[in-house]
Amino acid sequence: MVRGLYTAATSMQVQMNKMDVITNNMANADTIGYKKDVMAQESFSSSLAKRIDELGETKIGKMKVGVGTTRVATNFETGNLKNTGGALDVAIEGTGFLVVDTKRGERYTRMGDLTLDAEGYLKDANGDKVKDDTDNDIIIPSGGNITISTNGVITVDGNEIAKLQIVDFEDLNYLEKEGNGLYKTMNGATEKEFTGNIRQGFVEGSNVNIVKEMVNMISLNRNYEANQKVIQTHDSLMDKAVNDVGRL
C-alpha cells in the first residue's frame, strides 16, 4: 500500500511540473521568436524486492517505485512569420540565430524585432547589440533607405553597411535557454553554416499552439485527479487495516 501511495505522489509531482511548462508556453504564445518547451518523464529504476523471515532473505522480483522528470527540452520548430513592414524587422527561415553581445557574453536569439539606438547601433528587443559577420557591432546611418537581403547584407541607399552574423548548430540540444529570448551554448555545441534565408519586414511568432496546450492542460488535470483518488483509496484501505482489522 505504501508503495502505491509513493507511486501516485511522484506522478502528481510530475503532472505539476508539466503544468508549469505548459503555463509558461501559453504565457509566451505572443512572444516573438519564442520556442515552446516540452517535458520528458520516465519511471524510476526498478527496485529489487525481498522477503525477509526467520529463514533469511528470499528474492521476490523487481518493482517500479514511481516516475520522475528527466529534462525539459526545447522544440525549435519554426513559428509563423508575421508581416510587419518594419525596415529593421527580420525573420529567419530555417534554423539559425542572430548573434548578440550581452553583459554575460555572446548569446543567440530568434527575436527579429530590431531597433536603432540614439548612436545608430543595431540592437535586439533587450537592448543588446547585434553582431556582424566579422564579430563587430553594427552601426546604421539614420535617414536612409534600409534594405536587408536574404543572406543578411544590410545596405543603406544602396551602400553596403554590414552583414548580419547568423549561426546554426549541428545539434540544437546543445543550446540552453537563458530567458528573454536568448540562448547560450553548452559544452559540445558545434556550429555549422547557415543555409536558410532572412526575410526583411517580418518577425517570427512563437511556435506555441494554444489549442494543443489547452488540451494538454485538461489531460494533466484529469491525470492529477486520478492520482488523487488513488491516494485517497490507499489511505482508506490503510485506515481499515489499522483501525478495523487490527482489532481482530
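Where is Thr233 found, and what can be said about the parts around the rest of the chain?

Reply: Thr233 is found in helix H2, which covers residues 210–243. Before going further, please keep in mind that this is a predicted model, in which local features need pLDDT of at least 70 and side-chain atom pairs count only at pLDDT 80 or more, while totals for chains, interfaces and linings use all residues. Residues are numbered from 1 along each chain as its sequence is written, and side-chain values use heavy atoms, with hydrogens and water left out.

Helices (H or I, at least four residues) and strands (E, at least two) are DSSP runs numbered from the N terminus, and the protein chain has two helices and 20 strands. Thr233 has a relative accessibility of 45%, so it counts as partly exposed; here buried means under 20% relative accessible area, exposed means over 50%, and partly exposed lies in between, with a 1.4 Å probe and protein chains only. Although Thr233 and Leu5 are 228 residues apart in sequence, their C-alpha atoms are 9.3 Å apart in space.

For the chain as a whole, 36% of the 248 residues count as buried. Contact means heavy atoms within 4.5 Å, and among contacts between residues at least 6 apart in sequence, 63% join residues at least 24 apart.

Another part to look at is Lys131, in the loop between E11 and E12. Lys131 counts as buried because its relative accessibility is 9%. Leaving aside neighbours within four places in sequence, Lys131 is in contact with several residues, including Val99, Val100, Asp101 and Leu164. Asp137 is also among those contacts, and the side chains of Lys131 and Asp137 meet in a salt bridge of 3.1 Å, N to O. A salt bridge is a side-chain nitrogen of Lys or Arg within 4 Å of a carboxyl oxygen of Asp or Glu. Side chains of opposite charge can pair when their charged atoms come close. Asp137 also meets Lys129 in a salt bridge, at 3.8 Å, N to O; Asp137 is partly exposed at 30% relative accessibility, and Lys129 is partly exposed at 25%.

A search of the whole structure finds nine salt bridges. One of them joins the side chains of Glu178 and Arg104 at 3.1 Å, N to O. This pair links distant parts of the chain, 74 residues apart, with Glu178 in strand E16 (residues 175–179) and Arg104 in the loop between strand E7 (97–102) and strand E8 (105–109). Glu178 has a relative accessible area of 25% and is therefore partly exposed.

In the loop between strand E11 (129–130) and strand E12 (146–148) lies Asp135, which is partly exposed with a relative accessible area of 39%. Together with Asp101, Glu106 and Glu191, Asp135 gathers in a patch of negative charge on the surface. Such patches are made of residues with over 30% relative accessible area and no salt bridge, like charges being joined within 9 Å and nonpolar side chains (Val, Leu, Ile, Met, Phe, Trp, Tyr) within 5 Å. Lys and Arg count as positive and Asp and Glu as negative, while His and the chain ends are not counted.

Note on methods. Areas by Shrake-Rupley, 256 points an atom, 1.4 Å probe, with all protein chains shown as cover. Charge placed at Lys NZ, Arg CZ, Asp CG, Glu CD.
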